[in-house]
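Dear colleague,

Please find the structure handed over below, together with an account of what was found in it.

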Amino acid sequence: MNAPASFYIKSTPERFDAIVVGSGITGGWAAKELTERGLKTLMVERGRPVEHGVDYIGENRDPWTMPNRGKVDAKVAEEQFSIQRQCYAFDEHTKQFFNNDRDMPYSTPDGRPFSWIRGNQLGGKSLMWARQSYRWSDLDFEANLKDGHGVDWPIRYADLAPWYSHVERHVGISGNRDGLAVLPDGEFLKPFEFNAVEAALKQKFDAKYAPARMIIGRTANLNTAGEQHLAQGRAPCQARSQCHRGCSFGAYFSTQSSTLPAALKTGRLRIATDSIVHSVLYDPKTNRALGVRVIDADTMETREYHARVVILCASTLGSTAVLLNSTSEAFPNGLANSSGALGHYLTDHLWSAGADGRVEGFDDHYYQGRRPTGTYIPRFRNVVDKHPDFVRGYALAGGAAREGWQSAAWKPGFGKDYKAMIRKPGPWHFSLGGQGEMLPRYENSVSLHATRKDKWGMPLLHVDVTHGDNDRKMRKDMADSAGNILEYLGLKDVKTKMATETEYPPGLAIHEMGTARMGRDPKTSVLNGWNQAHDVPNLFVTDGASMASGAWQNPSLTFMALTARACAYAVDQMKAGTI
């Protein structure tokens with residue numbers, strides 16, 4: 001279901017029950033939960049509308065039908081997408097979903113690299129996310145308390161477990177029930193399958209490295225569609241490897257395919273696109289948020305929207321920028337910032353360190369389609385035994401594939417022999433790449449630039465983040481462990497690799513977290529255990545900004561569960577008259 005024109009608004013005197021800022025993974029969930037619980041809700045999105053199916057202009061287009069065979073013109077890429085083009089999902093089929101860096105700059109100290117990947121449109125980055133979906137465990141929620149890095153999480157796994165289930169049933173997560181304490185099982189659809197090489201390597205790995213296990217990655221792609229997914233208008237995954245272009249089948253979870261139709265179905269949702277939130281309106285007499293002030297992206301006109309509760313879901317850095325820009329006599333350093341924690345403790349996942357190698361044999365095996373997930377080795381460091389060099393841990397993700405005609409096509413040759421060569425599958429390769437937990441540190445921060453402003457007159461966000469000693473030691477162990485594992489599994493020509501911080505800067509894992517963290521103490525945190533601001537009770541932040549630490553798993557499933565839980569709490573509090 002796409003939004004009819006009547007659901008879109010610009011200026012309006014109407015007062016809403018709730019305003020949701022942002023329309024990505026968390027914004028879509030907030031809109032769904034609030035409207036289904038009876039609230040008249042306004043979703044405010046700074047980007048353009050995107051209609052499900054209709055605006056997926058790169059879908060079903062083969063590379064040879066595209067300019068430059070699907071690559072973005074080099075001059076255009078350099079001038080308009082100098083940061084965005086670093087993303088794995090960026091090409092000619094998908095560039096319409098990425099920000100124009102020329103129009104939306106930010107600053108870093110002394111040009112220090114930080115890659116902020118952004119997609120400002122209805123649906124946000126839910127249109128091109130990687131879809132890996134994992135629960136966290138108490139190993140993650142208790143880590144800050146046990147090792148002293150960061151503040152203690154005000155929640156534990158038991159608080160979030162029913163909300164994980166609630167989200168998983170609606171989203172549709174294809175995965176296997178593996179029985180691992182470090183990675184709790186969920187409400188799964190049929191898992192995708194290992195190919196022959198992966199199955200053989202899994203058997204050898206599990207026997208050697210138990211209790212560590214190699215499992216199939218859990219992904220928000222419908223391997224099979226349940227009744228609830230068919231009711232959403234979604235169909236099973238076609239294994240086309242076109243997810244980032246938008247999927248008219250709705251086979252992967254996005255705002256457009258799932259939560260937006262659910263919210264629209266209630267008749268209680270209105271949407272304001274091309275509306276850049278400048279700040280949250282605040283009344284010091286009542287100590288309440290009144291709504292938001294926005295700037296029209298096209299006309300530069302300013303307008304206001306009013307509501308009883310405000311939910312920020314504009315992304316980690318986006319929501320933090322709004323709060324920092326919401327100053328008053330009561331909060332001169334940003335709304336709900338009496339703790340001084342706002343803007344600090346920024347993390348991103350550690351990445352781009354691993355190994356690959358060649359697998360001999362299996363010449364009579366291949367695979368069907370382009371499976372949307374791979375193999376996954378959940379965290380094994382600092383689970384039982386303590387590593388001498390670093391705290392926390394990482395996962396190793398990868399998979400096996402054969403060299404195909406795409407790689408053979410670049411080899412020299414001509415005529416009959418060349419045609420025969422590119423038709424023959426090449427050797428098998430298997431790779432493992434790490435994704436690790438970056439420690440929350442006060443000095444990793446975002447702030448508003450003192451003098452520079454964007455085209456809408458708002459201060460640029462200034463991002464200051466580096467990897468610490470623990471982070472660097474963990475990344476080295478990622479590469480070393482991946483190489484050692486592949487050597488043991490019998491691979492040939494094993495090569496380890498670890499990009500430098502310049503080659504693969506913070507931000508490029510696209511898992512920014514922190515900067516408006518939750519905690520037990522209002523003196524050291526911005527939010528309580530319900531994602532509610534300690535200082536302003538009708539203000540909530542439910543995206544990555546709320547995280548007290550980053551764990552090692554992909555965070556999106558946890559963002560969604562936190563959002564659903566916070567919205568249910570907000571509605572209950574509104575009904576009780578406390579906010």
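**Strands and sheets**

Thr-375 stands opposite Gly-398 in β12, and this pair belongs to a stretch where strand β11 (residues 375-377) and strand β12 (residues 394-402) run antiparallel and are joined by three bridges. Please keep in mind throughout that the model is a predicted one. Both strands are part of an open sheet of six strands, whose order is β5-β11-β12-β13-β10-β16 and whose pairing is antiparallel. At its edges lie β5 (215-216) and β16 (492-498), each of which pairs on one side only.

In the loop between β11 and β12 you will find Asn-382, which has a phi near 55°, a positive value in a residue other than glycine. Asn-382 counts as buried, because its relative accessibility is 13% and the cut-off for buried is under 20%.

A hairpin is formed by β14 and β15, with five residues between them, and Gly-457 in its turn has a positive phi of about 80°. Strand β14 (residues 445-453) and strand β15 (residues 459-464) run antiparallel and are joined by five bridges, with Leu-448 standing opposite Leu-461 in β15.

**An enclosed helix**

How many of the 10 residues of helix α9 (residues 316-325) are buried? The count is nine, so α9 is largely enclosed by the rest of the structure. Among these buried residues are Thr-316, Leu-317, Val-322, Leu-323 and Asn-325.

**The loop between β7 and β8**

Two residues of this loop deserve a note. Pro-284, which is found in the loop between β7 and β8 (288-296), is exposed, with a relative accessible area of 57%. Pro-284 and Ala-330 are 46 residues apart in sequence, while their C-alpha atoms are 6.9 Å apart in space. Asn-287, placed in that loop between β7 and β8 as well, has a positive phi of about 55° although it is not a glycine, and at 24% relative accessibility Asn-287 counts as partly exposed.

Lys-202 is found in helix α6 and is buried, with a relative accessible area of 19%; it counts as buried because the cut-off is under 20%. The side chain of Lys-202 makes a polar contact of 2.7 Å with the side chain of Asp-206, and the Lys-202 side chain also reaches the backbone oxygen of Met-214 at 2.8 Å. Leaving aside residues up to four places away in sequence, Lys-202 touches Phe-194, Arg-213 and Met-214.

In the loop between α6 and β5 lies Pro-211, and the peptide bond that leads from Ala-210 to Pro-211 is cis, with omega near 10°. For comparison, most peptide bonds are trans, and most residues other than glycine have a negative phi.

**Cavities**

Searching the whole structure gives three cavities of 30 Å³ or more. The largest cavity has a volume of about 90 Å³, and of the 13 residues that line it, Cys-237, Arg-240, Gln-242, Cys-243 and Cys-247 are closest to its centre. By class, that lining holds seven nonpolar, four polar and two charged residues.

The second largest cavity contains about 50 Å³ of space. The residues around this second cavity include Asp-348, His-349, Trp-351, His-467, Arg-475 and Tyr-504, and its lining has seven nonpolar, two polar and two charged residues.

With best regards

Note on methods: Residues numbered from 1 in each chain as written. Predicted model: local features only at pLDDT ≥ 70, side-chain atom pairs only at ≥ 80, totals over all residues. Heavy atoms only, no water. Helix = DSSP H or I, 4+ residues; strand = E, 2+ residues; numbered from the N terminus. Buried < 20%, exposed > 50% of the residue type's maximum accessible area, 1.4 Å probe, protein only. Polar contact = N/O pair within 3.5 Å; in protein donor to acceptor, adjacent residues only side chain to side chain. Contact = heavy atoms within 4.5 Å. Pairing = 2+ DSSP bridges. 1 Å grid on protein atoms, 1.4 Å probe; cavity = no way out; pocket = protein on both sides within 12 Å on 5 of 7 lines; lining within 4 Å. Points joined across faces, edges and corners; volume = space filled by probe spheres on them. Nonpolar A, V, L, I, M, F, W, Y, C, P; charged D, E, K, R; others polar.
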